[in-house]
Amino acid sequence: MTSTALTSSNFDAFVSGSSNVLVDFYDRSASDWVMQKSELEQALRQVRNYGSQVAFGTVDAVAEESLAKRYIANGRYPQLLWFTHGEPTQYHRTLRTAKAMADFVMALDRDPVGLVKSEEEAAASYNRAVFGKVQKGSKLYKALEVVAAKHMDTVAFTFLESSENSVKWLEEKTSEPVLYTGGQDAAELESWVKDLLLKSEPIPEGHPVYSDGALVVVGKTFEETISQKDKDVFMLIYAPWCGFSRKMLPVWKAFAQAVADVKHLVVAKMDGDQNASPLPEDFYWSSYPHIFFVKAGTNKPVVFHENRTVAQLVQFAEQHGSKPLKLDPSVSLDDVNEL
């Protein structure tokens, strides 16, 4: 009982041959590759013991470089990718223990929407759930299925056969359910679910709001901020309790002031402790401060790793931006440094 080694010649047939497939894209040159492979094989045995028939495949990202880049554009390995009916999903993970991988598979290898006997059963069974009183096969039920398939590892979708046609959000930490008041199309329901899932402070009153020259961003305004066709975006992710962040904030203020007249550059900042990224595949952080740059018309970040000085920030924006900054020669870039 082992996973199947995949190449460009057998990949498409393999992922199309089963309803659900897990593919591990790995780097054979990694020092812990042997241990990674062992954990994957243990996970395969565990899910078979649970009764799951999900097919497991592996891709050597070095030997099959073009195949790997087709699905893992950022080139970060190892990475697990879930396929349904031959199509890749948004379920990417970097899980490395057998238990975590087995739990991941079992969370996805099920019907997207589960039948329950009551709202109380849904609330008691899951720490958060979407609960619908709908008729199976109705337009709203189909919308639930579409949205559920995108969030199977983050929230449970449940339903009770009923003509009431209502949907609620149930969460352990909140005393009252949240009633869905939108339409019956999947896009509107998906937007509602994403807003409830996303960790975010309230959108500042009077948005857009600036603090020390930088646009204040929260989780709910993150995507609109970084997705600008005609403006570059330079964003600082900080945590108020972090000493390195506190040292960086005066530098960021000075930088914002230095480029205040540059119309094609947005200088922004977000409290990463209180807000999460709605695009974790590309925008993620594990430490503070974290600084990234997004060129106008693109949606991929370039992470800033240089010395945290105003001069280095300006140079980075010049190097990666869509246009020259053309700063006023009288502006000093050496007044404020982090250190």
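Two strands are said to pair if DSSP finds at least two bridges between them. The views below show a predicted model.

**View 1. Strands β7 and β8 pair in the parallel sense.** Strand β7 covers residues 128-134, and strand β8 covers residues 156-161. Six bridges join the two strands. Within this pairing, G132 stands opposite F159 of β8.

**View 2. Five strands form an open sheet with mixed pairing.** The order of the strands across the sheet is β6-β8-β7-β9-β10. Its edges are formed by β6 (113-115) and β10 (178-179), each of which pairs on one side only.

**View 3. Helices α6 and α7 lie against the strands of the sheet.** Helix α6, made up of residues 139-148, lies across β6, β7, β8 and β9 (166-171). The direction of α6 is at about 160° to that of β7. Helix α7, made up of residues 186-197, packs on the sheet and touches β7, β8, β9 and β10. Between the directions of α7 and β9 the angle is about 15°.

**View 4. Helices α6 and α7 cross each other.** Their axes come within 9 Å and cross at roughly 50°. Because angles under 35 degrees count as roughly parallel and those from 65 to 115 as roughly perpendicular, α6 is described as oblique to α7. The crossing is right-handed.

**View 5. Residues of both helices make the contact between α6 and α7.** Helix α6 contributes A143, L144, V146 and V147, while α7 contributes A186, L189, E190 and V193. Of these contact residues, seven are nonpolar, one is charged and none is polar.

Terms used:
Residues are numbered from 1 along each chain as its sequence is written. This is a predicted model: local features need pLDDT of at least 70, side-chain atom pairs count only at pLDDT 80 or more; totals for chains, interfaces and linings use all residues. Side-chain values use heavy atoms; hydrogens and water are left out. Helices (H or I, at least four residues) and strands (E, at least two) are DSSP runs, numbered from the N terminus. Contact means heavy atoms within 4.5 Å. Axes are lines fitted to C-alpha atoms, for helices over the stretch in contact, and angles run from 0 to 180 degrees between N-to-C directions. Angles under 35 degrees count as roughly parallel, over 145 as roughly antiparallel, 65 to 115 as roughly perpendicular and the rest as oblique. A crossing is left-handed if the near helix is turned anticlockwise from the far one by less than a right angle, and right-handed if clockwise. Ala, Val, Leu, Ile, Met, Phe, Trp, Tyr, Cys and Pro count as nonpolar, Asp, Glu, Lys and Arg as charged, and the others, Gly among them, as polar.
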